[in-house]
Amino acid sequence: MDTEIVRIRQDEESFSGEEDAALRRAGEIIRQGGLVAFPTETVYGLGGDGLNRESSRKIYAAKGRPSDNPLIVHICRSEDLESIVSEVPEAARKAAQAFWPGPLTMIFRKSDKVPYETTGGLDTVAVRFPSHRVAQKLIEYSGGFVAAPSANRSGRPSPTVAKYVTEDMDGRIEMIIDGGEVGIGLESTIIDMTVMPPQILRPGYVTRQMLAEVLGEVDTDVTIMSSDSGQAPRAPGMKYRHYAPKGELVIVEGDAKAVAAYINAQAQADRRAGRKTGVIATDETLEQYRADSVKGVGTRADEETIARHLFTALREFDDEGVDSIYSEGFESDGLGQAIMNRLLKAAGHRVVRLQ
Ligand code: TXA
Ligand code: MG
């Protein structure tokens, strides 16, 4: 199949006639059961009609994703929630009021309208109302209910620019909408609203603290940061090794000087063994590292920058053919928790803690 790539400018108030026509065409593709990748404020999504079982099957096939891993249904009007869920708990109304449109996904009991192909066989459905204007327009033109996982091949880091969508999806889907670099760079926060207190299943830009301010008590799935809890994660997708670069990634935690010394010694040994080495560093420590490819993902004073650059750094190591990657660790609270959660998955939970 030929994949059409269309470009939509960022930061414009309104769509040009040409852009609007392209978005209508994209909407038509989804209505007809086809697939379109599109930008959201978190990462690029791979969209199909969430109410069409055939479309959801195609999404799993294009991603190479196990079909027990449910999809998120994206809407473009809060009131559309009512038709795809059987009940909207009061807490969910409050959270929607506070965080929609935006990077928050909520889990509800599904209505009969949503096929089991979309929910991976579950009686619940994940719903998100993105704030990105291209996403909103596409959802509207597609009929209002777009099922979309991140637009990467299963197991690869989520794409934050269209180039990486093309790398993974060219020839597999009808269209890619290139809307430039995304704003956040990590996938949405997921919270299960079918339990009391509501439970965070995946950390993201909307932090536990922000949710607790609106909802009072919130729980966090214990499997989010640990590899050895012995429990299955409640978001089925979180059990898969995810976001993984091709090289072997190890996280090194401890005093900044000791971390740099350890990583440099490891990298030197790796290089002697003929391996290409990479380091994920912060602005504060960048100068201290000696490796084939040292990437600064931003300053520790601004975790949003780090979030935005993390997946891109992992993809770039792949492009460069790096075999051994070392990363500094990050905070376990706030946005740092989302960053660490993705890094831990990418590293298969390989962590070295220095005293
Ligand atoms: O930011 C995002 O959420 C992006 C953009 C495209 O919107 N989408 C995204 O989708 O990250 P995906 O498919 O890569 O991740 C969805 C996660 C998976 O871990 C899946 O298991 C979980 O959501 N999930 C979906 N439906 C669920 C349900 N009913 N119950 C529990 N977990 C669910
Ligand atoms: Mg994903």
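Predicted model: local features only at pLDDT ≥ 70, side-chain atom pairs only at ≥ 80, totals over all residues.
Close-up 1. The space inside the largest cavity amounts to about 40 Å³. Its lining is made up of Thr189, Ile200, Pro203, Gly204, Val206, Thr207, Arg208, Gly334 and Gln337, and by class these residues divide into three nonpolar, five polar and one charged.

**Close-up 2. The aromatic pair of tryptophan 100 and phenylalanine 129.** The count of aromatic pairs comes to one, and this pair, formed by tryptophan 100 and phenylalanine 129, is edge-to-face, with 6.3 Å from centre to centre and 65° between the planes. Distant parts of the chain are linked by the pair, since its members are 29 residues apart: tryptophan 100 belongs to the loop between helix 4 (90-99) and strand 5 (104-109), while phenylalanine 129 belongs to the loop between strand 6 (124-128) and helix 5 (133-141). Tryptophan 100 counts as buried because its relative accessibility, 8%, falls under the 20% cut-off. Phenylalanine 129, with a relative accessibility of 9%, likewise counts as buried.

**Close-up 3. Lysine 110 and the ring of tyrosine 116.** In this view, the charged end of lysine 110 is placed over the ring of tyrosine 116, at 4.2 Å from the centre of that ring.

**Close-up 4. Lysine 295 and the ring of phenylalanine 317.** Here the charged end of lysine 295 sits over the ring of phenylalanine 317, and the computed separation from the ring centre is 5.1 Å.

How values were computed:
Residues numbered from 1 in each chain as written. Chains lettered and ligands numbered in written order. Heavy atoms only, no water. 1 Å grid on protein atoms, 1.4 Å probe; cavity = no way out; pocket = protein on both sides within 12 Å on 5 of 7 lines; lining within 4 Å. Points joined across faces, edges and corners; volume = space filled by probe spheres on them. Nonpolar A, V, L, I, M, F, W, Y, C, P; charged D, E, K, R; others polar. Phe/Tyr/Trp six-rings, centres within 6.5 Å; stacked < 30°, edge-to-face > 60°. Helix = DSSP H or I, 4+ residues; strand = E, 2+ residues; numbered from the N terminus. Buried < 20%, exposed > 50% of the residue type's maximum accessible area, 1.4 Å probe, protein only. Lys NZ or Arg CZ within 6 Å of the ring centre and 35° of its normal.
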